[in-house]
Amino acid sequence: ERRAMVFSSLVAARVLMGALAAAAIVLARGPLAELLTGTRETQGGVALVALSLVVFTLVTAFTDQLRSEERHRTVAGLSAAREALEAVLTFILVLVLHHGLTGLIVAQILANAALLVALSSRCPRTFRARPERSMIATLARLGAPIATVYFLMCLHDLDRYLIKAVLGVPD
C-alpha cells in the first residue's frame, strides 16, 4: 500500500515540476525561439516542447514505478513500441506532410502520450492512492542532486548557442 502512495506522490510531484518548467518555457518562448533557431517564428514549436516536457515527466514516473516492481519486460516492450510509433509518425509528419521541426516535436509528443496511456494503465493502484505532501518533499530532496546534474548538463550545451549569438556560426 505504501508503494502506491509513494508513486502517487511521485506523479503529483512530477506534474507540479513539469507544469512549472513548462510554464516558464511558454512564458519565455519568444526569446527562447530566437536564441535556439534565430527567429521568433518558431514560438509555437517552443510551446510544443513545453508540452512534451509535461508528458515526458509522467512517462518517467510510471516507467520508474514499473521498474521498481521489476516489470522490465513491460517497460522494454512498451518503450520499443513507442520508438516504432515515433518513427512512423515522424515519417508521416515530416516527410509526407512536410511539417518540419513541428512535425518532429508533435511525433514525439504523440508517441510519448501513447506510451503514457499504456504505462499508466498498468499502474491502477497509483491512481487510487492519495499523494502525501511529506513524501513529495522527501522525493524533492532525493531528486534535487540529480536535477542539479541535469541542469548543469543543459548549461554545458548552452555555450554553443551563446557563441553563435555573440560571435556567429563560423566560430
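Which element gives the most to the lining of the largest pocket? The answer is α7, with 14 residues.

This is a predicted model, where local features need pLDDT of at least 70 and side-chain atom pairs count only at pLDDT 80 or more, while totals for chains, interfaces and linings use all residues. Residues are numbered from 1 along each chain as its sequence is written, and side-chain values use heavy atoms, with hydrogens and water left out.

A pocket is an open set of points on a 1 Å grid over the protein atoms alone, where a 1.4 Å probe fits, with protein on both sides within 12 Å along at least five of seven lines. Lining residues have an atom within 4 Å of a point. A volume is the space filled by probe spheres set on the points, which are joined across faces, edges and corners. Helices are DSSP runs (H or I, at least four residues), numbered from the N terminus.

The largest pocket is lined by 41 residues. Ala21, Leu53, Thr57, Ala147 and Tyr150 lie nearest its centre. Two or more lining residues come from each of α1 (2–27), α2 (29–37), α3 (43–68), α5 (100–120) and α7 (133–166).

The second largest pocket has lining residues that include Phe56, Asp64, Arg67 and Glu83. α3 gives the most here, with 6 residues. At least two each come from α3, α4 (72–96) and α5.

Here are volume and residue class for both. Ala, Val, Leu, Ile, Met, Phe, Trp, Tyr, Cys and Pro count as nonpolar, Asp, Glu, Lys and Arg as charged, and the others, Gly among them, as polar.

| Pocket | Volume | Lining by class |
|---|---|---|
| Largest pocket | about 1700 Å³ | 29 nonpolar, 10 polar, 2 charged residues |
| Second largest pocket | about 160 Å³ | 3 nonpolar, 4 polar, 4 charged residues |
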